[in-house]
Amino acid sequence: MKLPTSHLAPGMRLARPVYGTKGEKLLNQGVELTDAYIKALRRRGVLAVCVGDPNDQFYENVLAEEIRINAMEAVRSWVENSAQKKNLKQVIESVEAIVEEILAGKYCVSGLTEICTTDAYTYMHSVDVCVLSLTVGVELRFAKKDLIRLGTGSILHDLGKTRIPLEILNKPGRLTAEEFAEIKKHPVLGYEMLLSKTNEIDSETASIVLDHHERYDGSGYPRGLRGEDIGIMPAICAISDVYNAITTDRVYRKAFPPYEAYELLMGSGNTMFDADVVNTFLLCISPYPIGSLVRLSNGLIARVIKTRKNQPFRPIIGLLDANQKNGELDLMKENNIVITGVVDPNEACAIIAK
């Protein structure tokens, strides 16, 4: 289970490795946390980690963390290491690796954006948005060449934010009108950077960078496009961008729980986003992701074991009450039981410590 580092306790075991802001491995999967380790993670800006049994079958079909880390470093290197025109070979290869993982049935748990809140956020967030966008593209049965275009545009969508001052990007309080105006420049800045740094970008990929903040009702920027004037690829990136942003802790606000983000997006069809894109995106996420600790209407606590695309609020769960004879329940068959909420971090800590 994912827990904020503020709620970690000595004796807990890492279910997944922890990486630093430059992709360096800080702690291996299976390490038992000590007070010194926990303090070090907080100093390094790590916001959350996965704790639990590292041998849990739940982690067997997860998209490889190393592939996402490599993708982050490929983008960072391409952006930062040269002002001259250079090809996108490494970036595209990293996108292709993610495509292969998703086509092989791997899924993503939590995100790279848990790692820190500073200058690495833009790159980490971009990789997570790429993964989400590609998941939607696969659901829509995009051809592989189109998946590569979608993934490349999505992993570069926030390119322009590397030209926005960090004190604005990471400001803890409300932005002033002038600061927000600076933020709103990033799609055009990114589009111009993309064209200036490579000769091999196609128009669809570039449109993702330029148009990922356009909204179906015309309220977006920079061009105020509306409806079908917004391409399918920018629309997919846009909803992936919003979902990842609101489900990630930042210095200026706490993350939305996945079920709240899910319900917010349910109501965004043909306002913020095209309704067909929203409906497809909702098939690719879950209000209660695998591994979530949830509270049931009968008072028991359970962990989500398997989700359903068409019945997202009725997953298969594993009861955590040791006195239960039948520890696994299918909520499609148990019509008298519903999920009433998620377990807060304090209680989750107590459960994990048992």
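Is Cys130 buried or exposed? Cys130 counts as buried, at 0% relative accessibility. This is a predicted model. The structure holds zero disulfides. The points below cover its cysteines, its backbone features and its paired strands.

**Cysteines**

- A disulfide is a covalent bond between the sulfur atoms of two cysteines.
- Zero disulfides are found in this structure.
- Take Cys130: the closest cysteine sulfur belongs to Cys237.
- The two sulfurs are 9.0 Å apart, so they are too far from each other for a bond.
- The cut-off for a disulfide is a sulfur pair within 2.5 Å.
- Cys130 is a buried residue, because its relative accessibility is 0% and buried means under 20%.
- Cys50 is buried too, with a relative accessible area of 8%.

**A cis peptide bond**

- Look at the bond between Tyr221 and Pro222: it is a cis peptide bond.
- Its omega angle is about 10 degrees.
- Pro222 sits in a loop.
- That loop runs between helix H9 (203–211) and helix H10 (232–246).

**Positive phi in loops**

- Arg141 is not a glycine, yet its phi is positive, near 65 degrees.
- Arg141 lies in the loop between helix H4 (121–139) and helix H5 (144–155).
- Arg141 counts as exposed, because its relative accessibility is 76% and the cut-off for exposed is over 50%.
- Asn270 also has a positive phi, near 60 degrees, and is a residue other than glycine.
- The loop that holds Asn270 lies between helix H11 (258–266) and helix H12 (275–284).
- Asn270 is partly exposed, with a relative accessible area of 41%.

**Strand E5 and its partners**

- Strand E5 covers residues 293–296, and strand E6 covers residues 301–306.
- E5 and E6 pair in the antiparallel sense, over three bridges.
- Within this pair, Val294 stands opposite Ala302 in E6.
- E5 and E6 form a hairpin, with four residues between the strands.
- Gly299 is in the turn of the hairpin, and its phi is positive, about 90 degrees.
- E5 is also joined to strand E9 (residues 339–342).
- E5 and E9 run antiparallel and share three bridges.
- Here Leu296 stands opposite Ile339 in E9.

Conventions
Residues are numbered from 1 along each chain as its sequence is written. This is a predicted model: local features need pLDDT of at least 70, side-chain atom pairs count only at pLDDT 80 or more; totals for chains, interfaces and linings use all residues. Side-chain values use heavy atoms; hydrogens and water are left out. Helices (H or I, at least four residues) and strands (E, at least two) are DSSP runs, numbered from the N terminus. Buried means under 20% relative accessible area, exposed over 50%, partly exposed in between (1.4 Å probe, protein chains only). Two strands pair if DSSP finds at least two bridges between them.
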